[in-house]
Amino acid sequence: MATLQDVAKKAGVAPITVSRVVNNSGYVAQEVRERVEAAVEELGYVPNILARSLRSRQTNTLALVLSDVTNPFFTTVARGAGDSAAEAGFMLILCNTDEREQEEQRYLEMLVQRRVDGVLLVPAGKAVRQIQQLRQHGTQVVVLDRRLSEPVADVVRGDSLGGSRALCRHLVQQGHRVSAVLTGPKQVSTSRDRVQGFREAMAEAGLETMCRAFYGQYSQSSGYAMAGEALNQTPRPTALFATNNFIAIGALNCLRDRGVKVPEDVALVAFDDLPPGLVTFPFLTVVSQPAYEMGRKGAELLLRRLNGDAEPYQEVVLPVEMTLRRSSGSFGTQPESMIGDASPPLVERL
């Protein structure tokens, strides 16, 4: 592999001149620059990024710490963050915590050891202590998807409260009076916020005692189990709200196995849409977040912090969209044979 000294010899210049051209630092005459660039290309010289980072104290590396990398919502978040990072000349590392705080702590310690410049974090818990630890090591942080109990970092998230209220109001308008919320871990802000928003709308309708929340995991298996618990309640809910797409899939499987029809027997609505590849027909009424924009905006904020932005931390709440489809009864109760001919969904930006 060619070295910097090899390039200098080929171009007939001093090694420091090659360094200036490669790092775009310091003045180099155009004719000399062209000779060095030609030598770099001919020899296939690759700059030593590690050595450069030791001098500059910057590795041009960001990390995205996700709670579930298999969830299509977070995959799209990662795409937005990755595109923004790449445009700025940064590499993005993905880490998956499976919503476990212990795993999150392990990854953050590893990322500090590897001297990443900044972290985009989807917290598995409160995360205030972890953020403060990262700052002590000079690592910038932006939180995605979830709230913080203290203003210790920039936050980019969707409107969980508003979206959940809208879904509940829609169900009440459809005539539902007994509902159940199937949600994730209690320590996760999105779980609490989506329960709170739903209950606030139930209270508006005078139905505050007719809603029960079931806390579990943001997973298909947990959605299956929580839906089963909800169906065993007396009175049995006529509407279920799954607070993420994986819980919704699990709930659908449970309802199918029990012979419960949607929406004829039970309505089902969800936060975050299902990707087309997972369903043969998009029939779920959902509130969806701009996942790509969330990742992109988060990375942009992080890069601004790395460039010295000292403005107060900000919380960016992105608007969500409610899409009305058959699962909430929005399009009548046409028989299964007519599913493919259902009316086009109604989309409302909240």
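# Exercises on a predicted model

A search of the whole structure, which is a predicted model, turns up 3 cavities of 30 Å³ or more.

## Exercise 1: The largest cavity

Find the volume of the largest cavity, its lining residues and the classes they belong to.

Solution. 

Step 1. Start with the volume. The largest cavity has about 80 Å³.

Step 2. List the lining. It consists of Asn 71, Phe 73, Phe 74, Asp 145, Arg 146, Thr 190, Arg 194, Tyr 218, Asn 244, Asn 245, Asp 272 and Gln 289.

Step 3. Sort the lining by class. There are 3 nonpolar, 5 polar and 4 charged residues.

## Exercise 2: Helices α10 and α11

Decide how helix α10 and helix α11 are oriented to each other, and say which residues make the contact.

Solution. 

Step 1. Locate the helices. Helix α10 covers residues 220-231, and helix α11 covers residues 245-257.

Step 2. Read off the geometry. The two axes come within 6 Å and cross at roughly 50 degrees.

Step 3. Classify the angle. Angles of 65 to 115 degrees count as roughly perpendicular, and those under 35 degrees as roughly parallel.

Step 4. The crossing of α10 and α11 is right-handed.

Step 5. Name the contact residues. From α10 come Gln 220, Gly 223, Tyr 224, Met 226, Ala 227, Gly 228 and Leu 231. From α11 come Phe 246, Ile 247, Ile 249, Gly 250, Ala 251, Asn 253, Cys 254, Leu 255 and Asp 257.

Step 6. Sort them. The contact has 10 nonpolar, 5 polar and 1 charged residues.

## Exercise 3: Helices α1 and α2

Work out the orientation of helix α1 (residues 4-11) and helix α2 (residues 15-23).

Solution. 

Step 1. Take the angle and the distance. The helices pack at about 105 degrees, with their axes 8 Å apart.

Step 2. Classify. The range for roughly perpendicular is 65 to 115 degrees. Therefore α1 and α2 are roughly perpendicular to each other.

Step 3. Find the contact. Leu 4, Val 7 and Ala 8 of α1 touch Pro 15, Val 18 and Ser 19 of α2.

Step 4. Sort it. This contact holds 5 nonpolar residues, 1 polar and no charged.

## Exercise 4: Helices α6 and α7

Work out the orientation of α6 (101-113) and helix α7 (residues 128-136), then describe their contact.

Solution. 

Step 1. Take the geometry. The axes come within 11 Å and cross at roughly 5 degrees.

Step 2. Classify. Angles under 35 degrees count as roughly parallel. So α6 is roughly parallel to α7.

Step 3. Find the contact. Glu 101, Glu 104, Gln 105, Leu 108 and Val 112 in α6 meet Arg 129, Gln 130, Gln 133 and Leu 134 in α7.

Step 4. Sort it. The residues divide into 3 nonpolar, 3 polar and 3 charged.

Conventions. Residues are numbered from 1 along each chain as its sequence is written. This is a predicted model: local features need pLDDT of at least 70, side-chain atom pairs count only at pLDDT 80 or more; totals for chains, interfaces and linings use all residues. Side-chain values use heavy atoms; hydrogens and water are left out. Axes are lines fitted to C-alpha atoms, for helices over the stretch in contact, and angles run from 0 to 180 degrees between N-to-C directions. Helices (H or I, at least four residues) and strands (E, at least two) are DSSP runs, numbered from the N terminus. Angles under 35 degrees count as roughly parallel, over 145 as roughly antiparallel, 65 to 115 as roughly perpendicular and the rest as oblique. A crossing is left-handed if the near helix is turned anticlockwise from the far one by less than a right angle, and right-handed if clockwise. Contact means heavy atoms within 4.5 Å. Ala, Val, Leu, Ile, Met, Phe, Trp, Tyr, Cys and Pro count as nonpolar, Asp, Glu, Lys and Arg as charged, and the others, Gly among them, as polar. On a 1 Å grid over the protein atoms alone, a cavity is a set of points where a 1.4 Å probe fits but cannot get out, and a pocket is an open set with protein on both sides within 12 Å along at least five of seven lines; lining residues have an atom within 4 Å of a point. Grid points are joined across faces, edges and corners, and a volume is the space filled by probe spheres set on the points.
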